[in-house]
Amino acid sequence: MVSTLDQIFVLLKHWLVGLLPSVLQPAAGVLLSVVAIVCVFPALFALTVLLERKGLGRMQNRLGPNRVGPFGILQPIADAIKSLTKEDIVPLRADALIHFLAPLVLVVAVFLEFAVVPMGRNMVLVDMDASLLFFFSIGASTELSVFMAGWSSRNKYSLMGAMRAVAQMISYEVPLLMSSVAVVMITGSLSLVKIVEAQNQYTYGLPHWNIFTPWGCAGFVMFAIAATAETNRSPFDLPEGESELVAGYFTEYSGFKFALFFLGEYLGMFSISGLGTALFLGGWSAPFSFLWWVPSWIWFFGKVMLSICVLIWVRGTLPRLRQDQLMNFAWKFVLPMTLLNLVDVALWRFLGEGWLRWVVCSAVMLVAYVAAALTGLRRDHIGPRSYRYAE
Amino acid sequence: MLGEGILKGLAETARNAVGSFVSKDRLTTVEYPEERLPLPEASRNFPFLVYDGTDWEKGLRCVACQICEKECPPKCIYIDKSKDKKPDAFGRPQIYPAKFDIDISVCMSCQICVEVCPFEAIKMDTQYELSTDDRFGGLLLDRKELAKSNEYYHQIHPTEASEVDAKLAAEKVKADAKAKAAAGAAAAKAAAAAAAPKPAEAAAKPVVLADAPAAKPQGEGD
């Protein structure tokens, strides 16, 4: 019974595919999984937008949307109808084709990322050997769509937003990769399925998740920072800084194209949260061994939604960074720390079992963190501004 | 320590998020169409016409002197004087406004009409839900729409309305006394005139003044 519930979607798929002639079965199986992904995540997106608006409201002691339906739960439907019925305006001097393609490229790329994320035991669309590599290469192509949108709009704000976005995404791509490489070094595999399975072991009822190691904890923090920046979330939402750039690279988008950008952004959050879950939070494995009977997909989606909640919480708390602060933070703090984390992982790997590696690896990261705090990010040279006016 | 501020900030927002479910004091939002804040007594937006008694047409204090029409900076008041006279709330024959329109799309809520009115006939309303789908007719309020009872005035501006009532009552007492005195004087003069018929024209004057102060500014207006 328990294993049936755990595998319910897999069994359902096999049963549905079994109804078809054997020639069509492989294609139908893939198609069914794709349809499931394309349905589930946009639904989750609608839920998340509502959760975000209500949550941010509560953090600011407001009520949030509460007009449509009981407690405002039908708000996403109203938003969808609104964005579908709005006029789609393309600027006169815009490059119409690129302008049209940009949101599509974004959404398609983001959906492709879900292909390799394991969402439960045996629940992965494509079990590649190098799925992590696939994820990052597809993830990097979202930068293309952002720049397409900014360039084709023929608008100063769009272009500046796009340039900021590309600079930011490329800068944070490096620490994102570096913090993931730590996990690859320990597991010895680029396959996300194998990475999750490696974490699905228990000692005294406690899981072997990567986050519960010194290098994993530091790596997860770095990963979370870089992921926030990758998805253009606050406090790293400079590309769409409302106060200075109208809406950044999607300034000139309206109606459903705007909705697609919005969707792409949230799907990006889901996929990167899914990746972080698989790499550091044990993917679909239960947090305690006595909870083994809860279906694996519940753990995966629970962890993803928890990450989303943390992202919303951070968004409700932190103000937007300045461009130079953003770049300084990426290149002078996060990147060196992730590089040091690689050394830490190597130490962990070769110090063998026992308490020694816990002490050494924790000390390395803590000392580095304190040193960075005391020296690296100190800014004595910044004082009151002096202005020089033209004569 | 690096990152301490971020943690403090996160704690603060978490406190807000949880606290807004626990204590109602935190949520300052007034959900407008269902609930609304009481208006402060000094609030005002557009003028209305005060009437005494129960019949708005009979009880209008306005005597169509047109001072407010002339003083109105954006010229949003339109008055037509009546040709005949009608008894007002106190039974005295008065000219009344045959037409009294205020275009609230033009009105700038300056309250100058209220300040210049010698009859306490025009006051500021607090009604703010005036949106309409008729851009011209819907925003041009006529006599009937402008007329509000003195009781309503007491409701929206209690202190001011009491002061106005006291003032009007004092004026009425004064006017009655004057009228009485004038009537007495007139009677005496008439008696004297009967004895010496020459200064009869002079005796007629106080009788006209006896109707003041109600009638005096009307002459100025003309």
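**Reading a two-chain model, feature by feature**

Q: Which residues does Phe223(A) touch, if I leave out those up to four places away in sequence?

A: Two residues are in contact if their C-beta atoms, placed from the backbone, lie within 7 Å. With residues up to four places away in sequence left out, Phe223(A) touches Leu176(A), Ser179(A), Ser180(A), Gly276(A), Leu279(A) and Phe280(A). Keep in mind that this is a predicted model: local features need pLDDT of at least 70, side-chain atom pairs count only at pLDDT 80 or more, and totals for chains, interfaces and linings use all residues. As for names, residues are numbered from 1 along each chain as its sequence is written, while chains are lettered from A and ligands numbered from 1 in the order in which they are written.

Q: Which residues have the most contacts inside the largest nonpolar core?

A: A nonpolar core is a set of buried Ala, Val, Leu, Ile, Met, Phe, Trp, Tyr and Cys residues joined through C-beta atoms within 7 Å. Buried means 20 or more other C-beta atoms within 10 Å of a residue's own, exposed means 12 or fewer, and partly exposed is in between. Here the largest core has 81 residues, and Val117(A), Leu192(A), Phe223(A) and Ala226(A) have the most contacts inside it. A second, separate core of 28 residues includes Val50(B), Cys72(B), Cys117(B) and Phe119(B).

Q: Why does the length of helix 12 of chain A make sense?

A: Helices (H or I, at least four residues) and strands (E, at least two) are DSSP runs, numbered from the N terminus. You get the expected span of a helix by taking 1.5 Å times one less than its number of residues. Helix 12 (residues 255-280) of chain A has 26 residues and so should span 38 Å, which agrees with its end C-alpha atoms being 38 Å apart. Of those 26 residues, 20 are buried. Just after helix 12, Gly282(A) takes a positive phi of about 75 degrees.

Q: Where does strand 1 of chain B find its partners?

A: Two strands pair if DSSP finds at least two bridges between them. Strand 1 (residues 47-51) of chain B pairs in the antiparallel sense with strand 4 (residues 122-124) over 3 bridges, with Phe48(B) partnered by Lys123(B). Strand 1 also pairs with strand 6 (residues 147-149), in the parallel sense, over 3 bridges; there, Val50(B) stands opposite Lys148(B).

Q: What order do the strands take in the open sheet of chain B?

A: The 3 strands run 2-3-5, with antiparallel pairing. Strand 2 (77-87) and strand 5 (140-141) are at the edges with a single partner strand each, so one side of each has no neighbour in the sheet. Strand 3 (residues 93-103) is joined to strand 5 by 2 bridges, and Ile102(B) has Leu141(B) as its bridge partner.
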